[in-house]
Amino acid sequence: MAIASAAMAAATLFPGIIFPNEQLKGLPDGDDIKWKKSPCRFCGVGCGLLIGVQKGKAVAVKGDPASEVNKGLCCVKGYHSVLAIYGKDRLTKPLIRRNGKLEPATMKEALDLVASKMKENIAKHGKDSVAIYGSGQWTIPDGYVASKFMKGVIGTNNLEANARLCMASAVTGFMTSFGMDEPMGCYEDIDHADVFVMWGNNMAEMHPVLFSRMLDQRLRRNGVKIIDFATRTTRTSMASDRSILFKPQTDLAVANAICYEILKNNWHNRGFLQKHCVFKSGKTNIGYGLEDKFQFKDEPKDMTLEQFKAFLEDYRPEKVEKLSGVSAKDIKYMASLYGDPNKKVMSLWCMGPNQHTRGTWMNNLIYNIHLLTGKISTPGNSPFSLTGQPSACGTVREVGTLTHALPYGTVDNEKAREKAAKIWGVPVTNISPKPTYHTVEMFRALDRGDIKFIWIQTTNPFVSMPKLKRYREGAKKDDRFVVVSDVYPTPTTDVADVVLPAAMWIEREGMFGNSERRTQHFEKMLEPQGEAFSDAWQMIEVARRMGYEKYFPWTKENHVEKIWEEYYKFHEGDKHGIAPYEVLKKESGVVWPYVNGKSTKWRYHAKYDPAAKGDSFDFYGKPDGKAWIWVRPYEPPAESPDNDYPFWLNTGRVLEHWHTGSMTRRVAVLHQAMPHSYAELHPNDASRLGVKTGDKVKLTSRRGSLVLPASVNERGLPTEGQVFVPFFDESLLINELTLDSFCPISREPDYKKCAVKVEKA
Amino acid sequence: MKRKSSYFIIGLCVALLASAVFIFLAALRESKRPADTDYMQTGDTPSIPAEAGVFRRLAMALQYQKMPEGGRDLRTYYENRAYPGAPPLIPHPLVSEKGIGGKTCLQCHENGGYTEQFKAFAPVTPHPELLNCRQCHVPKTTEGLFANSNFTKPDPPVLGQSAMPGSPPVIPHTLQLRENCLACHAGPAAPKAIKVSHPERVNCRQCHVPARLDDLFEKPLMEDASTWTRPVSPSQRNGTQLDEKEVSAIGEWVRENNQ
Amino acid sequence: MPIKSYLALACENQLEALRTEVLALGCEVIPAENKDVLIVISETKNEEEDKALLEKLNSMKNLRHLTLVSAFAE
């Protein structure tokens with residue numbers, strides 16, 4: 001005891017010094033909680049958590065102070081995340097539908113059935129009749145196995161993930177502007193920026209940990225300004241220095257007006273533009289993807305600065321004022337913040353610009369502003385695209401679990417196919433050069449019958465798809481076979497023919513990749529419940545049953561490490577190098593490009609990025625090393641309010657719940673704080689309808705209708721003529737009303753705009 | 001080395017530790033390599049400096065003794081949390097759903113005081129610098145559940161754990177976000193069972209040290225100590241140790257007083 | 001039987017060397033993970049031995065600074 005106390009006294013004397021815990025045991029406490037590091041299960045911020053494990057159960061959570069993401073602070077979901085593991089109704093046994101009812105079955109039966117159905121459909125209807133639909137909540141190894149299994153081994157590009165519904169526009173935005181996906185900067189930009197502009201982004205609720213970091217910076221440093229540019233007044237607006245409201249879809253026009261002002265006042269960075277940028281224009285009137293088998297391909301054309309200026313003439317602030325509802329004064333104010341050479345500016349956005357029928361354009365336009373002013377790729381100057389899921393970046397975007405993608409490059413690129421075939425040990429002819437179905441089209445194909453078999457993992461599309469009814473009914477059709485791997489019963493498992501119980505988060509080993517290119521490893525801390533095991537291992541079991549054992553020669557114990565070693569080969573090099581397995585295990589997170597044992601915090605600048613040539617900027621994603629400034633006009637949304645349906649419907653999240661709520665609603669604290677969905681109304685609209693908070697209102701769109709309680713001037717305050725409804729509630733499915741229009745370039749649906757009518761119910 | 005249970009404390013001399021801290025820090029700072037970048041590096045500075053709040057409510061220290069007993073008990077304190085250490089729920093109705101920080105919650109919870117509306121003393125937050133309160137603290141608007149849970153709430157830590165009879169109890173909880181002791185352990189809103197008997201001695205961690213190992217992760221060096229930074233000579237180094245006689249004298253005293 | 005713990009700060013990049021030195025003197029050592037610092041725990045039979053050990057500790061080649069943290073005796 002004395003030795004332990006002596007050691008303890010020494011160890012605690014200096015808070016800045018870390019000593020290994022194992023050697024400091026034997027304290028008077030008798031407390032047997034062990035703390036282990038993991039990224040949070042929920043959003044794309046990727047907070048580092050320390051999870052307290054006691055007697056084989058997770059019992060507590062605290063923020064990991066060693067994590068550069070959150071530095072010890074979490075949000076209410078993170079602090080209660082481990083409770084989501086212990087819902088009484090966890091799926092612990094496989095279920096098979098017999099005579100219309102899901103009944104318990106053995107794991108062997110279930111896996112045999114899945115494998116035989118896959119084989120049968122491939123034999124009868126061809127490779128492209130089977131599909132896997134995964135998720136940005138897949139760990140990186142899950143996504144990797146899915147990609148190898150579908151694209152390499154079976155030979156179909158029928159692989160998509162729900163990140164299509166949230167991050168596809170961010171990806172195409174990056175690809176079209178810079179030629180490489182994911183942000184150039186990192187969260188540390190928050191500690192350097194003087195101005196923060198949030199584009200349609202309620203960060204106080206959706207990315208609260210990063211928002212608190214911004215508030216903290218405003219307290220510590222003089223002159224830090226936070227601007228909330230949104231369609232709805234929220235907590236974020238309340239905390240901001242300026243809240244500027246715009247009419248839905250007109251962010252396109254306002255962004256162009258900001259560019260107009262910057263050029264008009266000569267606030268643009270001439271040297272930077274000349275050396276590092278080119279101007280391009282693309283197609284216009286590009287449609288909304290409402291019809292089946294919609295196709296679109298953009299054709300970039302060269303432009304000059306003069307032509308760009310001429311184009312912007314239509315976007316004088318005075319002209320945009322009427323369209324957008326944003327005063328010319330406010331537009332000029334925003335432009336002056338971006339234009340001030342002495343201010344470092346960070347733009348932040350997430351679903352506002354992404355879930356947008358012109359989502360790719362909106363992303364391009366924000367980059368335009370940063371490129372015109374040269375405020376990019378340096379500490380504090382950062383257009384930063386935030387992410388909604390823990391591994392939308394790590395798994396879906398980096399592994400490439402989308403129909404057109406491979407772990408490195410795209411399927412239509414011969415070199416990329418050769419590289420993948422070589423690493424996977426498959427004939428290159430196995431990999432099809434033609435993308436098949438993006439998410440919306442994949443579910444349309446399931447409805448049409450072009451796809452007969454779909455395996456859905458770690459996501460809940462029959463709550464989250466837009467225009468739900470069509471896709472749910474399609475999945476229920478007679479000769480469709482739906483397999484769902486999940487941890488709880490959901491509206492998606494309700495339509496399944498086979499349900500496989502999955503190991504959740506820290507019940508298995510894995511890695512997530514967050515918004516700032518940071519890869520974070522977590523070990524297996526708990527035993528999975530019942531017969532559950534990981535999504536990756538479920539696919540491996542099925543692949544083996546189909547005769548593909550040799551491509552997945554790993555054991556249940558070592559597969560994560562082995563997969564990482566194989567995946568590592570795809571990204572070798574200084575542009576996307578990832579950290580080796582041992583490093584990931586040790587560090588609380590590693591940012592790629594990981595070069596010579598170091599994370600790269602800012603890409604495309606020689607000072608911070610070893611891959612950048614020269615002595616300053618090098619946008620090496622594009623062949624000529626130059627970033628593209630795009631001419632992207634304002635175009636109206638697919639559906640706007642009219643006489644029959646006079647309100648805008650906007651959907652989104654709330655702080656307490658994450659996505660479709662299948663996890664967070666099983667956490668008592670979170671459910672009791674936010675037990676059901678509601679419809680936010682402007683007080684003027686509410687009084688016109690004779691509705692007050694708690695009264696029932698009926699929302700009706702051309703797709704469906706829903707009755708739910710009204711919320712007047714509570715958490716959020718939509719502008720007049722707009723209703724806002726959160727989508728987490730599976731018993732109040734707002735996506736029955738939403739429209740499946742999407743951005744033709746990214747194919748990401750717009751969940752933020754459609755027309756509804758509102759009645760007192 | 002063998003472990004023996006019947007050792008008595010000899011030294012843990014405060015003055016010695018204090019001087020040791022300064023000299024040691026000085027030496028440690030000296031060995032730090034200068035940053036080679038032109039921008040201020042912030043990556044290593046946590047936004048929640050774990051030591052920053054230790055002395056925060058010091059000005060109130062003497063008044064605490066005169067304050068009334070608020071009648072809050074430890075049972076309700078723990079009932080209001082999903083597990084010991086979890087962010088507490090908001091147990092009362094709210095003024096505004098959109099409200100943030102200074103204009104709402106902190107009005108009462110920054111400094112506490114009696115609120116007529118709830119007939120209670122408002123508990124004081126140990127981290128008033130964090131403004132987005134609702135990021136972690138949520139109200140309970142219903143008693144119902146979406147689904148039942150198998151989560152088992154761990155027992156709260158045992159009070160009064162000390163290494164030896166009479167020695168100061170250790171801190172049984174983590175300090176993260178709770179580094180300001182007096183916020184929860186003094187004043188009328190403090191649960192009676194954990195109220196400190198001597199709030200006027202504000203340097204709590206002079207005698208009370210964290211018991212749990214998990215507090216040993218990285219925290220920033222105490223920046224304020226830099227004012228004392230100076231080179232260390234070998235004579236100064238030797239000067240920081242008690243001589244053997246002093247050590248045994250203190251040991252005698254401790255032994256006598258504990259029997 | 002005095003038991004003492006010290007914090008020892010190693011000369012730059014000499015943590016490993018210092019550790020070897022301390023171990024050679026028969027003390028228990030816990031190195032820090034992020035700084036050139038060791039916890040040294042000594043257990044000696046009597047005061048004389050303890051004093052001798054302290055002298056040896058103080059004369060170690062790779063030691064930059066040594067400070068006593070706590071001491072226990074029977």
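Here are a few calls, each set against its rule.

Modeller: Some background: this is a predicted model, where local features need pLDDT of at least 70, side-chain atom pairs count only at pLDDT 80 or more, and totals for chains, interfaces and linings use all residues. Residues are numbered from 1 along each chain as its sequence is written, while chains are lettered from A and ligands numbered from 1 in the order in which they are written.

Biologist: What is B:Y83 in contact with, leaving aside its neighbours within four places in sequence?

Modeller: A:V59, A:A60, B:K153 and B:P154. Contact means C-beta atoms, placed from the backbone, within 7 Å. Also, B:Y83 and B:D155 are 72 residues apart in sequence but 8.1 Å apart in space, C-alpha to C-alpha.

Biologist: How do you know that the span of helix α7 (residues 208–220) of chain A agrees with what it should be?

Modeller: Helices are DSSP runs of H or I, at least four residues, and strands are runs of E, at least two, numbered from the N terminus. The expected span is 1.5 Å times one less than the number of residues. For the 13 residues of α7 that gives 18 Å, and the end C-alpha atoms are 18 Å apart, so the two agree.

Biologist: What do the buried residues of α7(A) pack against?

Modeller: Those buried residues, among them A:P208 and A:F211, pack against β8 (195–199), α6, β9 (225–230) and α8 (235–239) of chain A.

Definitions and conventions. Contact = placed C-beta atoms within 7 Å. Buried ≥ 20, exposed ≤ 12 C-beta atoms within 10 Å, placed from the backbone.
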